[in-house]
Each structure stands twice: as structure tokens, then as C-alpha cells.
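The entries follow the order in which I looked things up.

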Amino acid sequence: MAKQTLGDWIKPHPTGIYVEPGDFWIDPSEAQGMAVVTHGHADHARSGHSHVMATPETLAIMETRYGEYPKATPMAHGEIARIGEVDVGFVPAGHVLGSAQVVMEYRGERIVASGDYKRRADPTCAPFEVVPCDVFITEATFGLPVFRHPDTAGEVQKALDALHANPERCVLIGAYALGKAQRVIRHLRDLGHHEPIYIHGAQEKLCNLYQDLGVDLGELRLATGRKKDELQGTIIICPPGALNDRWSRRLPDPITAMASGWMRIRQRARQRNVELPLILSDHADWDELTQTIEDIGPKEVWVTHGREDALLHWCMTRQIKARALNMVGREDEDD
Amino acid sequence: MRAFADLLERLVYTRSRNAKIKLIADYLIGTPDPDRGWALAALTGELDFRTVKAGLIKSLTEERVDPVLFKMSRSYVGDMAETVSLLWEPRPGAEPAPQDLRLSSVVDRLMALSRAEAPLQMSAYLDAMVPTERFALIKLATGALRIGVSARLAKTALAQAFALDLDAVEEVWHGIDAPYTALFAWGEGTAPQPSHEDIPVFRPFMLAHPLEDARVDLSQYAAEWKWDGVRVQLNHVNGETKLFSRTGDDVTASFPDVADAFQIHGVIDGELLVKGDAQGTADQGGEAASFNALQQRLGRKTVSKKMLTEAPAFVRAYDILFDGAEDLRALPWEERRRRLEAFVPRLPAERFDVSAIVEADDFDHLAKIREGARSAAIEGLMLKRRDSAYIAGRKVGQWYKWKRDPLTADCVIMYAQRGSGRRSSYFSDYTFGCWTEAGELVPVGKAYSGITDEELRFLDKFVRGNTTGRFGPVREVEKTLVLEVAFDSVHSSKRHKSGIAMRFPRIHRIRNDKPAAEADRVRTLEAMID
């Protein structure tokens, strides 16, 4: 019999990762029987699964978005469960509140699926933990050396500087409703901005949930329905899609900002009509991606999605075996 | 340098034309000579450093960064200067550039650089600068800024900054070299308006609006053919002749045959054409080859003897701006036309003729004549108000262009490449093909314009989701999507496998409704060659 290849018990599909000896999927994009979900973003957490296993925070986020699941198993960080013949554990990924890497052990092999992750400090979630393993399944959203996210506080400070320089205007920040919005708000508070922050209606539920789960966001108010003069000199957070929408036309001459890793590329910012780009992402930048692979030292690297070509090339130059899994529908254009 | 870098940075993120003009104007007012002059030269594309080219920046970067990663990044970002500014890895311990490093000292240094010194000086600059300065430096050093600011916009800002008349700025512009201290002195009222009576300077062209669905009264408008060549201005004064393109570029060196033949004091406006056989009939003027023939001679710094004999150029005159030193531009078109008809016969007949007036009974008759004109050298008709003065730019109601309707064909998208500029990182350049009689799909053209942003997103998604092969930056896609392509004409071409080439192809619409098998055949396109 031919020698077994590393990780051959894991079957990558364009719609998710199937773990055969446990008969479960990781982040499936179609409804499945048993789904292990790394975090609450819609491209990873879908509705319709019969049984979901995730961290309590991720389950709370999924419930807020989709309603209750028929069966949900909460898994705290560090807890280990046996599914079929596989031992499954969750460790923090540092991406958004509740985000986790999935650690799987079977037949003496350890495989870690990172989900989405970042390495830098985020006051709204637990930091990424390095788990040595045989195969590291990573994302590569910002897998090109042009992507280097600057210091987060410095980027958020830009919004405050713009606000103070233009007291008759408002600063409208486009930020993804889950994770990014709350992180920006938390950083604004840490930089000493204690005035009420106005939010778009689509972000209210998740902001409330974050507050319930112990992330203090200070006083938030809904922006909709306010008079122009009330919003002068304020910071308003909205989903990226609302930046150039009819909704934003009622605001007092907004300075259009967007908090996203893509803002590193000038033309990307131009394409979105952004005047004040804030380079701030919940995904690892190039240095974090490569540093993480070095820290973990896996025998193999599998890349789920993103700019995988460059990361595969980088692995090759360091004699690390690597392959692309070509997952579809996971392009975080807004992050 | 910091102020110039900040200006570029802010221009990149500013959408509104007026806001851009204000940013530039404020910079020009607040910055001393000669820095502001060099900045203006950069914005108007007038800077050229012999020893610093894009290739040098590329090879310097490849010394610092893995060439494969650099290439992937460049393809993704869509702009060399931006890519390098983002991924340049400074030499450890490199001293940062002083805050007050002047733009002019960088420009002086770049000008004085020898080919041997260039690599060392450029890497020293790149090491010392922050990313925004690196971006500005590379843009500055390698020419094309491509930040959404045209030369015209920069001159508009200059005019606005110092309350000057824009046409007057255009007029004196071409006689003054960067850093334009005489121009700023005029603007600030410390010196008179510069004058160029004795040198052949560019005079801004009068341009036309598309006619679209409007009709005009032929008693007020005269019609003439619109020739498919290159619009040029010929200027002779004081023993010197210059040829300028529509954008004011000096193209004298590409057409020495024409320049040498224009030896009478004056300025005329006309169409530069190459003699050939596929061309207007005798009553239209005759003897002009298609644009394809002319293309062989465009953009060449020197022209071979062979080319001069095989593709001799001539000018079909449309208008006259100066007769001797006399400025005719304020005269009505009819009067200028009489002066033109008297002027051109004094020039060598094998190099110059006058574009014929198209006589028609009425507008409908003219429409019929236009439809009947199938010569490849004719683009359509021009309609000129009989009393129009020669005014720089596009003035409403004066001149109209009435192009022939475009031809169209249904083609299948075969390959795609990422675009640059505003469309960077989107797959926005498409190669498309038609069917041969043997049932093979062969490329017939490439287009990157004509689509809305929404269509762009659709096509980008299609390319990403239907990639079947990768060749460097090029993606091959499933041959399933039909694009309706519009183009001005078709020519035979030895360079293309299909044997044909389209002139000015653009995407007309996406034909989601049409199966690929029903796209047009190459034979259909061949039938359009005229």
C-alpha cells in the first residue's frame, strides 16, 4: 500500500473543508449537517446547518444574524471535543470577537485551520495563539508584499484629525458591520474621543451584542433621522455600501473615510470615492502572514483564499510545501 | 519634496475637478520659484530625465525585493510607482531625507545625473524617503503621473491662481520652458506677458462637439470631410518650421518631409495623411491612405528613407490661423477659408492641398452623402459655422463632428488582463475573437473601454470565476461570453492570426443572451474591409 500523504483525511472543496473521519465541515458555504464555524462573518458562517459548533461569541453573533439553530454546541477556547474519530479544539484567531482557529488531531497528525486571522492587538477580541502543527491552513487575503498595515492607532487618529480640522463637516467612516465597526469605535475611545458616536441602523444589533458581551463602546446613537446641524462635527460609522448611497446625502458635507486594508492601494480608495483612507484590517498583512508561518513551522501550508500565488511562492523559496485550495466566495472586498 | 508629495497624495484622493484646481492653485501660490515651476512641469508632463527610466526603477527594486513577488504585486496594483513606493525595503540604517529637501534640488540632481550615477542616486533617494515621497519621486522621474490631472487642468489651475486668461496661458505656454519663472512673474504682475512673435510656438486648436441627434441649417454651416489621419498644426516663422499634434506635442521629427516643404511664414491647421491607394475619390480629394498606413510613421523619433518613399506624408489643410504675422483667428470662418485657399497654392502641391467643401442641397441630402462615403480615409463630416472665429477648445454651437456610424460585431471574450489607473486590479482589458470557417476561435481585437463600472464588475467577476489558464498577467477564460464590439473600421493585418485588425474597438454591450457559437465569423469582418 502506498504511503499515506499528510492530511489526506481532510478534503478541501470549493464550498468548504470536509473532515472525513469526523463527518463535519469547516465554514461550509452551503447548508450541511454538521458545521464547525471559525467566526461570524457571512462568508464563513451561513444559515441552514442542522448542527453548528463554534465559540459562544460566534454562536451569539450567528443567532443575532440568522436566528437560532436546531442544534448548537458552544466551545470555549481551550475546550476539546471528539467528533467521530477527530479531536477538535478552538484557539483564538484574533480576527473578530469570538473568532477561532480550529485545531484537529487524528492518527497522530495535527492540522490547524486558521479561518481568518490577524496578529496585531485588537481591543475587541482575544489575540491569535500560535499552535505548532503539521499542516497550517491559512488565508491570504492580503498575500502580497505591498500590503503592510500601518499602526492602527495612527490610522484612527487620522479620522480625529480630520474631524478637528473640519468642525462644520462630519467624518463618515465606512466599516464592516461585524468587528471592524466596533474595533474602530473602541480605538476612538482609547484615543480620548468620548463624545457620542453615530452609527447606521444596520450596525445597531451587532454593536449592542458587543456591549452585552463586555466590549465597552461608549455612547452610541443612531444617525438616521437626525438633523444636519446635530451631526456637524461628529463621527458616523456606516457599512461600506452606504458610503456613496442615498443615505449619506442627508449628512452635513461628510468627509468620506473607509477603514480597510485595501485602502493601502491608492487606486482602490479612488474606486470607492474615498477621501480619507484608513488602512486598518482584521486580516493579517504580508508580514503577519509570513511571520505566522515561520512561528508555527508547519510541514505544509494550505492556502484557502486570497492572493495565494505570492504566498505559495514565498513558501517555495523557503522549502515549505504549499498548495492552494481555491475556496470560492470568500473575497472580503470590504475588509 | 514633502509639499509636492502631499499635493500628489491629495490630488489622488480628490474627485471633484474644482477641488483639484483649488489644490493645485493653492500650491502654486504658496510655493516659491523654482519649486512650483518644476511641480507644474511634472503635472503637465513636460519633464523628461534622460537617465531615469521605468526600467531602472524596476531593476533597482528587483535588487531589494524577490522579482516574482514584485511582478505579482505590480500586476495587482496596476501602477509601477505605487507598487515600488509600497514594497521598497530601505537599506538598514538609511538616513531619512531632510524635511526641507526642496523639489528643485531633487530635479537639479536628476537632470545632472549620468547613466552611471543614476542607479546609486535613485536608490539613495528611495531609501531616504517615506512612501508618499517615493511615489512622488518615481512619478516625477519617470514621466507620466497618471493621477487624474490633465495638462489642461494644471494650466487651468495656474490661470485661476493668478487670475490670468486661460487661452492667454495656453498661448504663451509653448514658448517658455520649465520652471516657467517668466510665467509666474507675469502672473504676479512683476513682468509683462511673455511674447513669441519670432518663434514657432503651438497655438491651441479649435475643437468640435459631436453632432449626435442635432440638425443644422446649411445656410449657417459649411460641411467638409473629416479625414482619418492626425490633426496637425504647421507653424513657420523666422526660417524655422514646427509641426504640433493636437495636444501640443512637437512631432516635427516624425514628418521631416512635410516640415521641409512648409517654408512660408504662417500657421495652418490640417490633417496629416499618408499617400496610398485605398482612399477618397477624386472629387473628395483622393489619394489618402487609411489610418493604418499612417500609424507606421507615428511615434518615431527618426524616419528611415525607405519609409519616406513608401509612405510619403502630406497635409490636407482645414484652416489658417496666421498669414505671415497677421493673426486671422478672430475673422469669420468664411473669410479665413478664402485666405486659406489663397495661401495653400503657394506651397508644394505634392505635400499640401485644401480639404474640399462638401456641397449639399439640404441636411437630408448631406446625410445621404455621408452614408455613401465608405472610404477608409474618411471618418465622417465636419460642420463649421460660417461665421465662427477660430477659438481655442470646444465652443458650443461653432463646430460639429458627424462621424460615420460605428460598425459592430459579436465576439467571444478569450483573454483578460488587469487594467491600470482607475481600473487597477480589475480585469478590464479584454481580448476577443471570432470563428474561422474551420470552427476555431481566433483573436480579432482587444478593448478596454466602452463599459460602465457595473459592466466592469460583471466582467471582472466573470473572468475570476471562469479562468481556465494563466500566462503571467494574462488569464484565459471559458469561451462562453459574447461581447458586442463597436469599431470604426477593419483593416487587413499581417500581424494578427485572424488576418484583420480593428480601428478603435470598444465594448458596446455584453450579450449575455447570445450563445458563443452564434458569435460572428472572421469572414463577416473581412467583408467590412474597404
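**Entry 1**

I began with A:Val52, whose bridge partner in β6(A) is A:Ala72. Before going on I noted that this is a predicted model, in which local features need pLDDT of at least 70, side-chain atom pairs count only at pLDDT 80 or more, and totals for chains, interfaces and linings use all residues. Residues are numbered from 1 along each chain as its sequence is written, while chains are lettered from A and ligands numbered from 1 in the order in which they are written.

Strand β6 of chain A covers residues 71–74, and four bridges join β5(A) to it in parallel. Helices (H or I, at least four residues) and strands (E, at least two) are DSSP runs, numbered from the N terminus. Two strands pair if DSSP finds at least two bridges between them. From β5(A) the chain passes through helix α1 (residues 56–66) of chain A to β6(A), and I noted this β-α-β crossover as right-handed. The term means that, with the strands pointing away from the viewer, the path from the first strand over the helix to the second runs clockwise.

I then looked at β4 (residues 34–36) of chain A, which pairs with β5 (residues 51–54) of chain A in the parallel sense over three bridges. A:Ala35 has A:Val52 as its bridge partner in β5(A).

**Entry 2: A:Pro12**

I found A:Pro12 in strand β1 (residues 10–13) of chain A. The cut-offs are 20 or more other C-beta atoms within 10 Å for buried, 12 or fewer for exposed, and partly exposed in between, with C-beta atoms placed from the backbone.

Beyond its neighbours within four places in sequence, A:Pro12 is in contact with A:Ile17 and A:Leu325. Contact means that the C-beta atoms of two residues, placed from the backbone, lie within 7 Å. I also looked up A:Met327, 315 residues apart from A:Pro12 along the chain, and their C-alpha atoms are separated by 8.1 Å.

**Entry 3: domains of chain A**

Chain A is divided into domain 1 (10–146 + 283–324) and domain 2 (152–278); such bounds come from an automatic or database domain assignment. Their C-alpha centres lie 29 Å apart. Each of the two, domain 1 and domain 2 of chain A, gives 16 residues to the contact between them. On the domain 1 side I noted seven nonpolar, five polar and four charged residues. Here Ala, Val, Leu, Ile, Met, Phe, Trp, Tyr, Cys and Pro count as nonpolar, Asp, Glu, Lys and Arg as charged, and the others, Gly among them, as polar.

**Entry 4: nonpolar cores**

Which residues have the most contacts inside the largest nonpolar core? They are A:Ile173, A:Ile236, A:Ile237 and A:Leu278, in a core of 152 residues. A nonpolar core is a set of buried Ala, Val, Leu, Ile, Met, Phe, Trp, Tyr and Cys residues joined through C-beta atoms within 7 Å. Leaving aside neighbours within four places in sequence, A:Ile236 is in contact with residues including A:Cys170, A:Tyr198 and A:Leu251. Apart from this core lies another, of 47 residues, with B:Phe202 and B:Tyr390 among them.

**Entry 5: where the chains meet**

The contact between the chains takes 20 residues from chain A and 21 residues from chain B. On the chain A side, α6 (266–271) and α8 (308–317) are the elements that give two or more residues. α6(A) gives the most, with six residues.

I next checked helix α6 (residues 80–87) of chain B. Eight of its eight residues are buried, so α6(B) is largely enclosed by the rest of the structure. What covers them includes α6 of chain A, together with α4 (54–64), α5 (67–77) and α9 (131–142) of chain B.

**Entry 6: chain B**

I noted three domains in chain B: domain 1 (2–142), domain 2 (206–403) and domain 3 (407–526). The centres of domain 1 and domain 2 of chain B, taken over C-alpha atoms, are separated by 40 Å.

An open sheet of five strands in chain B has the order β2-β13-β11-β3-β10, with mixed pairing. Its edge strands, β2 (209–210) and β10 (357–358) of chain B, each pair on one side only. Seven bridges join β3 (residues 221–227) and β11 (residues 378–385) of chain B in the antiparallel sense.
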